[in-house]
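Today I am looking up charged side chains and their partners.

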Amino acid sequence: MKKISLLLIAALVAVSASAGINMKASHNVRSARMEKSELRTALPMAHKSLRAPSRVITDQPAGELHSYLRSGTAIYPQGQDIYMGEQEDGRMDIVFAGEGKVYLKNILYRTGDLWGNYWVEGQLNDEGTEITVQMGQSLYWSYNYQADILLAWGTTEIAYDQEGAPYINFIIDDRMQEVVYTIDGETIYGPEGVAPVEDDQNPYWGFVATGLGAYWTDDYSFAGAMEWGTVFTETEPQEPEGPSIITEQPEGDLYTLKRNSATIITSGGEVVHNKTDGDVNIVINEQEGKAYIQNPLWLQDYGYWVEGDYDAESGMIVVPTGQYVYYNESMKYGIQLMWGRTYAYEAYDGSYRLGYEIDNETQEIYFIFFENALYLLGSEGDVMAEFPEWGNSTGMMAVYSDNQEMGCIEFTNKDSNGDDLPFAQFINTVPAVPAAPIIDGWYDGGDEEGNSFFIFSMPTTDVDGNLLNPECLSFSIWIDNGDGAELFTFEADTYVNDYLFEDTAEIPYWMYAYGYDITGYGCVFYRTNEGDNPLFTQNIGVQAFYDVDGIKNASEIAWLYDIPSSVNDVNAGKTVASVRYYNVAGQQMAQPSGLTIQVTTYSDGTTSAVKVVK
């Protein structure tokens with residue numbers, strides 16, 4: 001669902017039929033603990049829209065549109081909780097497409113903002129008095145969970161987790177393969193269902209009912225919407241409302257750049273720091289003194305443009321804040337471009353959370369467009385410092401218009417010297433030899449059951465310092481157990497992914513699966529240790545590949561420990577470019593303290609890492 005709160009754990013306050021209750025664990029709203037290990041559940045959002053299956057109908061089908069106001073009872077999401085109550089101010093649109101085909105939009109009440117614009121297919125009988133809708137139609141596809149939300153008939157029940165907290169479970173009735181809507185003039189009657197029986201002794205009686213609902217396909221948990229006894233009364237179709245947004249490419253000269261910024265987003269209830277990727281399109285209309293930026297925020301590839309004043313002499317682009325980068329006509333909320341900052345604070349339970357504040361006094365955001373590179377002015381961030389400073393940043397903010405929650409914050413990325421990099425830049429995609437990856441940290445889970453983490457950054461440039469196109473990058477892991485270096489094989493049965501159908505030793509940088517996460521150029525590779533099965537015994541390394549027009553070049557291998565290897569010779573005749581220190585959790589430190597990983601970067605771009613104790 002939309003809007004995972006950065007600040008609070010959803011409170012369990014369900015003491016009556018109108019109170020909220022938490023959703024099931026795997027799709028629950030959780031505390032946003034900012035721990036390095038949580039990077040392994042990061043989501044590469046830039047590819048999310050590319051993976052949506054065609055069975056989800058998001059575009060309005062052709063045909064005659066009718067609109068209906070709804071009444072009845074429903075269990076529905078609101079914010080981070082689930083509620084039971086009367087359906088109010090809800091609509092369902094129906095397109096009569098001819099030849100007995102009909103399409104119903106928002107078939108469930110208040111279904112959440114992420115999947116509020118879907119359509120399902122129905123069949124109209126010859127008399128025009130009944131619409132039959134098949135169960136099992138997909139309402140939404142989530143890359144985050146690698147799962148669909150499917151329409152189903154079922155019964156809700158109250159279940160309890162290991163800590164005794166109640167949540168709603170959904171029992172699917174497989175016998176109900178279809179439901180029927182009855183048309184009586186301007187009124188449509190939905191399937192009746194079974195309303196809950198009032199019980200003063202049970203504070204959760206309102207959450208136990210039978211009706212039309214939905215569930216997640218990965219764990220069959222309740223998707224957060226069910227209704228029964230719904231009556232639809234025809235009304236005039238609603239005219240599009242909301243702010244002015246630019247969806248068509250404006251007139252002018254088009255430039256396509258590769259995004260090179262950094263961002264903080266929420267992913268599955270967690271706070272994740274990413275180095276971004278993807279395209280940023282710019283249209284310059286010098287005659288009118290205007291510039292337009294498509295997808296100024298990395299929150300999601302919505303395809304909308306924002307407008308700014310352009311000065312050809314200086315290359316300055318001035319973009320007013322408050323412009324919408326997305327608007328949901330059905331749910332009547334949008335995402336606005338604002339300026340703001342994030343900060344970390346200590347919560348009541350001793351963990352650190354991410355807070356944010358919107359800078360409403362900042363009315364304009366400034367860019368410079370120069371030599372095919374876009375620079376964001378005035379943005380800064382410190383997102384890799386130790387607690388409690390981790391997460392402090394200033395930059396462009398995505399803000400939901402209905403409740404002012406933050407969707408993401410994006411700011412200028414820094415190079416190894418702390419200097420600002422271009423926000424976006426043109427990349428000439430030609431064959432090149434990539435620089436070696438940089439090892440950012442290591443956490444050894446030991447022989448006990450747990451996880452070991454190998455954290456590294458993919459190269460952003462080739463060995464000559466030219467920018468690389470991230471879409472052409474891939475990597476391999478090398479393991480040295482004392483018998484010489486060997487390529488690690490990612491087994492398809494273990495590292496499940498919709499693109500990984502067979503075992504492989506090479507992974508595209510953007511691919512997400514169980515066992516490795518790629519966030520921008522940053523990578524986390526991990527493996528569960530069971531008993532006497534550590535990830536490696538002597539050394540582990542990573543190698544980058546750059547494939548353009550069938551020409552693939554490989555980087556040198558970056559090893560965790562600087563020891564002789566059968567693949568790389570011992571570093572010799574090099575000068576030290578930089579030295580960085582990390583604790584065992586992968587957090588960078590100003591000085592070594594205790595057990596520390598010392599990462600040395602040499603003048604030729606290669607790295608070495610050793611454990612030191614101070």
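This is a predicted model: local features need pLDDT of at least 70, side-chain atom pairs count only at pLDDT 80 or more; totals for chains, interfaces and linings use all residues.

Residues are numbered from 1 along each chain as its sequence is written, and side-chain values use heavy atoms, with hydrogens and water left out.

Entry one, the whole chain. I looked up the secondary structure and got zero helices and 43 strands (DSSP runs numbered from the N terminus: helices are H or I, at least four residues; strands are E, at least two). Of the 614 residues, 53% count as buried.

Entry two, salt bridges (a side-chain nitrogen of Lys or Arg within 4 Å of a carboxyl oxygen of Asp or Glu). My search of the whole structure gave eleven. Arg175 pairs with Asp173, with the closest N and O atoms 3.0 Å apart; Arg175 is exposed at 75% relative accessibility. Lys290 bridges to Asp309 at 2.8 Å between the closest N and O atoms. Lys290 sits in strand β18 and Asp309 in strand β19, so this pair ties together parts that are 19 residues apart in sequence.

Entry three, Lys258. I found Lys258 in strand β14 (residues 253-259), buried at 13% relative accessible area. A network of salt bridges links Lys258, Asp279 and Glu471.

Definitions and conventions: Buried means under 20% relative accessible area, exposed over 50%, partly exposed in between (1.4 Å probe, protein chains only).
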